[in-house]
Amino acid sequence: MPFEVTILGSSSATPTQDRHPTAQVLNVCERFFLLDCGEGTQMQMSRFKVRYGKISHIFISHLHGDHYLGLMGLLSTMHLQGRNAELHLFGQQELMDIIELQLRLSRTRLRYNLIFHPIKNYSGDIIHEDDEIVVRTLVMNHRIPCVGFHFREKTGLRRINPDKIREHAIPVHQLDSIKKGADFRDGTGRIIPNRDITFDPARPRSYAYFSDTMFEEDLAAEVEGVDLLYHESTFLHSDLERAVSTFHSTAKQAAQLALKAGAQKLLIGHFSARYPDLQPLLQEAQSVFPNTELALEGSRFAVEHGIRDLTQ
Ligand SMILES: [Zn+2]
Ligand SMILES: [Zn+2]
């Protein structure tokens, strides 16, 4: 089952010639979640072949323009394309005030049901849950209220050992209950314990999205053992003073957080326009946490225990 993230944009406040502000699409078992929606997100979705109609949930981290100024355009396009599937939107309460004002002034009544879920600013709050995934907030340390998001698969069913099905002639209709943990009673009345005929479920996969934040070491515990961690790295550590005054992080700090969290892999992004060359940011992070990659536009990463870069 797919669990993968596609980077649509990873520039900070101002876009550059070849870098767009923040947006990512997360595919969790064919559910498509949009994380932030900076200016130009629609065009980036077209460019990287993400269909608007597939997006069912949008998560907006905070109300700095580089994280949501593409949202109104996307909502309008969905309306013009005749969308009728409901759309879930998560964000600060004021986000809905902005949207309602724009809809009212343009006398637009959306054709689809936009269901807004206001975010409370505390870590660990479960804001979305379905059969496959749980989404929790992570409170960032930023200039205005800002959250990140932690996506974690639910523990799956036990996996049947096919050799044991044959050995004990287990009928197909019993497989569902065995996957849920039931023992098997064979034709002679003998009970075969579940652990002898199944394997443990796959370990749940997880993705953490640290949108805009100062270095916040305590958050590492919230995402301990995460498979893939995206952390903003707006500045090089030589610009630490600037990072602190603007409530952002350096590449080195992102790597320190990944190390402390025991992450499998780190993606860095939200790059300041002051760095035309991103290699020094990558090298700085890799000097602390070697398994780091740049969140370049168009790159796609599978979230799994041995994480693969799908674009290579
Ligand atoms: Zn930002
Ligand atoms: Zn911000």
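Tutor: Exposed means over 50% relative accessible area, whereas buried means under 20%. Keep both cut-offs in mind for this predicted model.

Student: Which residues of α9 are buried?

Tutor: Leu281, Leu282, Glu284 and Ala285. Each is therefore under 20%.

Student: What puts them on the same side of α9?

Tutor: Their arc around the axis covers only 165 degrees, so they share one side of α9. In general, residues three or four places apart in an α-helix point the same way, because a turn takes 3.6 residues.

Student: What covers the buried residues of α9?

Tutor: The cover includes α8, β16 and β17 (292-294). α9 lies across β16 and β17, and runs at about 165 degrees to β17.

Student: What makes a set of residues a nonpolar core?

Tutor: Its members are buried, come from a list that includes Leu, Val, Ile and Phe, and are joined through side-chain atoms within 4.5 Å. The largest such core here has 30 residues. Phe210, Val223, Leu229, Leu266, Ile268 and Leu281 have the most contacts inside it. β14 (206-210), α8 (251-261), β16 (265-269) and α9 (279-288) each supply at least two of its residues. α8 gives the most, with six. Apart from this core lies another, of 28 residues, including Phe32, Met45, Ile99 and Leu114.

Student: What makes β7 and β17 edge strands?

Tutor: Take the sheet first. Seven strands form an open sheet with mixed pairing, in the order β7-β8-β9-β14-β15-β16-β17. β7 (126-129) and β17 each have a single partner strand, so one side of each lacks a neighbour in the sheet. The twist averages 20 degrees from one strand to the next.

Student: How do you know that β7 and β8 pair?

Tutor: Two strands pair when DSSP finds at least two bridges between them. Three bridges join β7 to β8 (residues 133-139), and the two run antiparallel. The count meets the cut-off, so they pair. In β8, Val135 is the bridge partner of His128.

Student: Why is helix α2 called largely enclosed?

Tutor: Seven of the ten residues of α2 (residues 71-80) are buried, so the rest of the structure largely encloses this helix. Leu71, Met72, Leu74, Leu75, Thr77, Met78 and His79 are the buried ones. Their cover includes β3 (31-37), α1 (41-47) and α3 (93-105). Gly82 follows α2, with a positive phi near 80 degrees.

Technical notes. Residues numbered from 1 in each chain as written. Chains lettered and ligands numbered in written order. Predicted model: local features only at pLDDT ≥ 70, side-chain atom pairs only at ≥ 80, totals over all residues. Heavy atoms only, no water. Buried < 20%, exposed > 50% of the residue type's maximum accessible area, 1.4 Å probe, protein only. Helix = DSSP H or I, 4+ residues; strand = E, 2+ residues; numbered from the N terminus. Arc of directions from axis to C-beta. Contact = heavy atoms within 4.5 Å. Axes fitted to C-alpha atoms, helices over the stretch in contact; angles between N-to-C directions.
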